[in-house]
Amino acid sequence: MEGNFLPIVFILSGITPIRAFPDCLEAEGGGSTVMTMCGIIGVMDKSRRTMDGSGIRQALSMMNERGSGEGAGYAAYGIYPDYRDCYALHVFFDDVHENKPLLDSALAQWGTIEHDEAIPTCDRPGLRAVHTPWRYFFKPDPSLAAPEDEIVSALVMQVNAARRGALIFSSGKDLGVFKAGGWPEDVADFYRIEDYEGYIWLAHNRYPTNTPGWWGGAHPFNLLDWSVVHNGEITSYGTNRRYIESFGYTCTMFTDTEVIAYLIDLMVRRHGLDIDLAVRALAPPFWEEIGRMPAAEREWNSALRLAYASAMMNGPFAIVAANRDMMIGFTDRGKLRPMVVGECDDRLYISSEEAAIRAMEPRVESIRMPAAGEPVIGRVIA
Amino acid sequence: MIGSLPPRYRISVDPVRCMECGRCIENCAYGVFSRDGDRIFVNSRNCTACHRCIACCPRDAISLEEHPCDYRSHPLWTREAREAIYNQARTGKIILAGMGNALDYPAIFDRLVLDACQVTNPSLDPLREPIEVTTHLGKKPASLDLRRREGGDVELRTRLTPNLRIETPIMIGHMSYGAISLNAHLSMARAAKETGTFMGTGEGGLHAALHPYQDQMIVQVASGRFGVNIDYLERGAAIEIKIGQGAKPGIGGHLPGEKVCADISRTRMIPEGSDAISPAPHHDIYSIEDLAQLVRGLKEATEWKKPVFVKIAAVHNVAAIAAGIARSPADAVVIDGFRGGTGAAPMVFRDHVGIPIEAAVASVDKKLRDQGIRNELSVIASGGIRGSADLAKAIALGADAVYIGTAALVAMGCRVCGNCYRGLCPWGIATQRPDLVARLNPDEASNQVANLIRAWTLELSELLGAAGINSIESLRGNRDRLRGYMLDEGLMQVLDVRGVGA
């Protein structure tokens, strides 16, 4: 049972643990020697007790050395209890007056806008507002034959591919992404994230090499219920993108991370895989290791690699993703990017840096570094 | 009158270096050398540039010059154009030629460059970290039904089609026993076994001497159905239906009766000395549904245990044809590009019919993805794969694996002289003359072919590692890791690659 790829399922999760943390994990492949690019952190409260955004702001700013002041973002779950049945669509408008009427009419075609408003922002000297962030609380038309999620994801793909000055960057229920170009503190203050109360927070401090300055390129990336922050560069992006696009997704963000959100959506929502199996498909065991497994295990692991060969992600990465019920963290199977996990009472932390976790929770216990490819899965209770 | 044409080659023997050992006389199957008293007499007109004499001369006394006496140069009326006319004016016949396309088309592979990591992601060192090149050929499910049992065990409810597992994405293509010698077949079969890959039988049946290697063999069913019976089908690890060939799309094959010796007659199941003519189409396949029927028939005959491949020549409509094949129970499509080799093909076909493998693979991969059926079919590229760079580029364009043909022959000594159809191959490869066949030592040649496959596999691992990729499937169809260099916009669109610097 010492394989690298057994998922760690937290005791704090509602289901039987497949494997709890060992008392200590060796620091092999740990954080100190790998190169720096982007800092990520996620925190989840298993009993859905909420936290305001000030803690994660503080944590993220501890990793400013991993950023360049050109992008940061936050995702928060549980922030819109008054509209919990509506899809909260966060949108960047290039020009509100010109672009909003178009989006309004598109949304009206697909369903009802329960409410919409500018996302409250506060000007920051260090942040140039190149877009106007807006939010819609939207209900798809129940008379449309397709499931709600299908309608909303198709809507997001269409609007974003059309490039008419409106980019939907967050589309889940009772959650929202807040991101912009700038340092984490500026982005947090711009959106006044301390005013939001969420039970899961993801955050990302960006050192962009690909699409600097463009707000759409900042993390987190979201589709429906799933949000993703990512530190790394996906060398298999060309394969992953072409694969995911063959299922009707359209990549519009000019950056590799968005495929992760879509891949998880495909495997979990559309193909019905458990999240740990989806993660295993994204960062699968080596064939040599599969060859050593008992027959039944070997069979389904092989099948997973064969069926999802083009979904497999290569290159260095550490990823934290969340939906309303869980937060997961995993790295590439060589662990070329750091990932540290900590726990404190009901809270699970996953981050690039221990310092970030400690900034948020000085009492944190059991800081651990999971082995390469070993997913960390924390679920909320009930 | 047309008269003599200028000799193509001039052989000269340096009298100072020559020690008159006569090895050149023994080794030349074309009769270039003869003994003239105490010196070697040379008839350069018989020379094919097979280099056997040069390779055997212990004193480096022989030199060879191409086109020692040429025509007046003219950009349009080339030597080849003029000579084809003289030839046909004399004979009134179709001109036959060997090996691959000999026209000066630009090689697209040479205008594509690969990527490597710098700074933003670390390159991987294959000496320190695992790089996986294991490849599985065959149908794969689009999604899986995986259930969690009580207690946490995972149960796989989806039934998988048997796949062919290769330890390296390099296979040896179909060259029939008949076109090439039994020793050549044996050598390649052993090499395939040693390197964990497969080789094709071609349309020549499976000689009993190859039965020990049957687990590495892909047996071919072509339009002549030579050598095909249930025993043959059951022996192979996979079955390949050959519809067409890159060197001669749209036409069949012809093994002259003089090559059909007793052994070949037995293996092909045809009378000794009779011409083996493979018709242009399969006469039971006049449509895509007929092909699907044959695929199903072969699967049924072998109890759905073996992958079935379909090989087609790369022609203009290759992508749509592949999409049709994907809708049959077939497991893989082999696309043979217009540079594919042959023992013999009409020169007009070899040089003018079909499209390059690079464009064909790119458009097939795209079409299958667009239709959401890429997992239904593996894509095997063949025709003109010269090295590990071509291999890596073919995979990045969308292939799962490649077949090599000419490269394997070259590894056994072939000098690409292009006279395979004459049956006099002095290297013992494309011949059935026992004394010539005996020149090819399977112990040695199998090692050479295995070395070639190993070397390319090593280079492929290095290229993958440099690109920060530790598994071959992350290179497949990853056009982002290619850039076009001096390629036109239209072609880059077909290949779905950006230009250098973009």
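I looked up B:Asp400 and found that the residue is buried, with a relative accessible area of 4%; buried means under 20% relative accessible area, exposed over 50%, and partly exposed in between, with a 1.4 Å probe and protein chains only. I note that this is a predicted model, in which local features need pLDDT of at least 70, side-chain atom pairs count only at pLDDT 80 or more, and totals for chains, interfaces and linings use all residues. Residues are numbered from 1 along each chain as its sequence is written, chains are lettered from A and ligands numbered from 1 in the order in which they are written, and side-chain values use heavy atoms, with hydrogens and water left out.

I then asked which residue forms a salt bridge with B:Asp400. The partner is B:Arg374, with the closest N and O atoms 2.7 Å apart, where a salt bridge is a side-chain nitrogen of Lys or Arg within 4 Å of a carboxyl oxygen of Asp or Glu. The pair links distant parts of chain B, 26 residues apart: B:Asp400 sits in the loop between helix 11 (388–396) and strand 21 (401–404), and B:Arg374 in the loop between helix 10 (357–370) and strand 20 (378–382). Helices (H or I, at least four residues) and strands (E, at least two) are DSSP runs, numbered from the N terminus. B:Arg374 also counts as buried, at 13% relative accessibility. I wrote down that both residues belong to a network of salt bridges that also links B:Asp365, B:Arg369, B:Arg476 and B:Arg479.

Searching the whole structure, I noted 58 salt bridges over all chains. In one of them the side chains of A:Glu117 and A:Arg135 meet at 2.7 Å, N to O. A:Glu117 lies in strand 6 (residues 111–118) and A:Arg135 in strand 7 (residues 132–140) of chain A, so this pair ties together parts that are 18 residues apart in sequence. A:Glu117 is partly exposed at 26% relative accessibility, whereas A:Arg135 is buried at 6%. I also found a salt bridge between A:Asp265 and A:Arg269, again listed at 2.7 Å, N to O, and both residues lie in helix 6 (residues 257–270) of chain A, 4 residues apart, about one turn of the helix. Here A:Asp265 is buried at 1% relative accessible area, while A:Arg269 is partly exposed at 25%.
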